[in-house]
Amino acid sequence: MSTTTIVPLRRTSNSLNEYHTNAVAFDGIVGSASTSQMEEIVTQTDDCYANPNGDGGRSKASFMTWRMCNPVHVVRVHWIPCLLAVGVLFFTCVEEYMLQMIPASSEPFDIGFVATRSLYRLLASSPDLNTVLAALNTVFVGMQTTYILWTWLVEGRPRATISACFMFTCRGILGYSTQLPLPQDFLGSGVDFPVGNVSFFLFYSGQVAGSTIASLDMRRMKRLRLALLFDILNVLQSIRLLGTRGQYTIDLAVGVGAGVLFDSLAGRYEEIMSKRHNVGNGFSLISSR
């Protein structure tokens, strides 16, 4: 009499939701098993996650396969996107239908200006203090520039330099395309960057974006303390810019995003060029090796 031995199936897991899916791996089958036995084994999977193609091969819309445990799992594990979704609903209802726009005859409203009123009054009454802070800001801009150029010219890593070129070119295009007015109560200084009391204004903040680019490069190179120092100085720089009415809040926020974006684009550019020229990790703006 022949016997049929069926080795237990090994279930695979979905790395995204950490639940078992309907994917089944057979460790092995010894002997011969009937078709009905095989079908019975395969169908013993989690009831929570139904097979989207379980209706004879016809595909279903994703939401048609949802069970009660699916949204519960999303809220529990992916709570950040859920909070963002709540924010979308809230701001859509509040801003789109309830927020009154600023009249054309009024000064632009900026919540950063409101938060730094006391600092503005202090700097307006103390020109010497404003000059000292402006000089320190210019020194910090020089530190950013020096580090970004150092990574290319000395260390042979051009990513930060490429990122800065992308960032400042885009800033120039956007700043020329939509020219925002400089606040009437701007507190300028002859030693502020750009040196010479040049009260130019471009969207977005190139100083904040440049500092972000340098900080990201420092983290890649495990220079964590230096990166933390740059982040702290960047925050202080942003507060001073708001206090002197030299930048709007949106310019500072977009400056951070621009630094992250163009650093990523520069990394992608390096990757493409390395593959195209078969240089691996030895990508250089100068050498063809």
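Trainee: Is Asp217 buried or exposed?
Mentor: Asp217 counts as buried, because its relative accessibility is 0%. Buried means under 20% relative accessible area, exposed means over 50%, and partly exposed is in between, with a 1.4 Å probe and protein chains only.

Trainee: What kind of model is this?
Mentor: This is a predicted model: local features need pLDDT of at least 70, side-chain atom pairs count only at pLDDT 80 or more, and totals for chains, interfaces and linings use all residues. Residues are numbered from 1 along each chain as its sequence is written, and side-chain values use heavy atoms, with hydrogens and water left out.

Trainee: Back to Asp217. Which side chain meets Asp217 in a salt bridge?
Mentor: That of Arg220, at 3.3 Å, N to O. A salt bridge here is a side-chain nitrogen of Lys or Arg within 4 Å of a carboxyl oxygen of Asp or Glu.

Trainee: Where do Arg220 and Asp217 lie?
Mentor: Both are in helix α8, residues 206-220. They are three residues apart, about one turn of the helix. Helices (H or I, at least four residues) and strands (E, at least two) are DSSP runs, numbered from the N terminus.

Trainee: Why does that spacing matter?
Mentor: An α-helix has 3.6 residues a turn, so residues three or four places apart point the same way.

Trainee: How many salt bridges does the structure hold?
Mentor: It holds 10. Some link up: Glu155, Arg157, Arg159, Asp217, Arg220, Arg223 and Asp263 form a network of salt bridges.

Trainee: Which side chain does Arg157 meet?
Mentor: Arg157 pairs with Glu155 at 2.6 Å, N to O. Glu155 has a relative accessible area of 29%, so Glu155 is partly exposed.

Trainee: What about Lys275, which side chain does it meet?
Mentor: Glu271, in a salt bridge of 3.3 Å, N to O. Lys275 counts as exposed, at 58% relative accessibility. Glu271 is partly exposed, at 34%.

Trainee: New topic. What is the overall make-up of the chain?
Mentor: The chain has 10 helices and four strands. From the N terminus on, the order is β-β-β-β-α-α-α-α-α-α-α-α-α-α. Of the 289 residues, 29% are buried.

Trainee: Where does UniProt place the transmembrane regions?
Mentor: The unreviewed UniProt entry places them at residues 77-99, 132-153, 160-178 and 198-217. UniProt positions are in the numbering used here, feature names are shortened, and annotations may be inferred rather than shown by experiment.

Trainee: What does the chain do over residues 77-99?
Mentor: That span is 91% helix and 0% strand, with its end C-alpha atoms 33 Å apart. Residues 160-178 come out at 95% helix and 0% strand, with end C-alpha atoms 27 Å apart.

Trainee: What span should helix α3 have?
Mentor: Helix α3 (residues 79-98) has 20 residues, so at 1.5 Å a residue it should span 28 Å. The expected span is 1.5 Å times one less than the number of residues. Its end C-alpha atoms are 27 Å apart, which agrees.

Trainee: Where is the kink in α3 centred?
Mentor: On Phe91, with an angle of about 25°. The bend at a residue is the angle between axes fitted to the seven residues ending there and the seven starting there.

Trainee: Now the loops. What is Lys222's phi?
Mentor: Near 65°, a positive value in a residue other than glycine. Lys222 is in the loop between α8 and α9. Its relative accessible area is 69%, so Lys222 is exposed.

Trainee: And Arg245, where is that found?
Mentor: In the loop between α9 and α10. Arg245 also has a positive phi of about 65°, although it is not a glycine. Arg245 is buried, with a relative accessible area of 5%.

Trainee: Last one. How far apart are Leu133 and Gln237?
Mentor: They are 104 residues apart in sequence and 8.9 Å apart in space, C-alpha to C-alpha. Leu133 is in helix α6, residues 127-153. Leu133 is partly exposed, with a relative accessible area of 27%.
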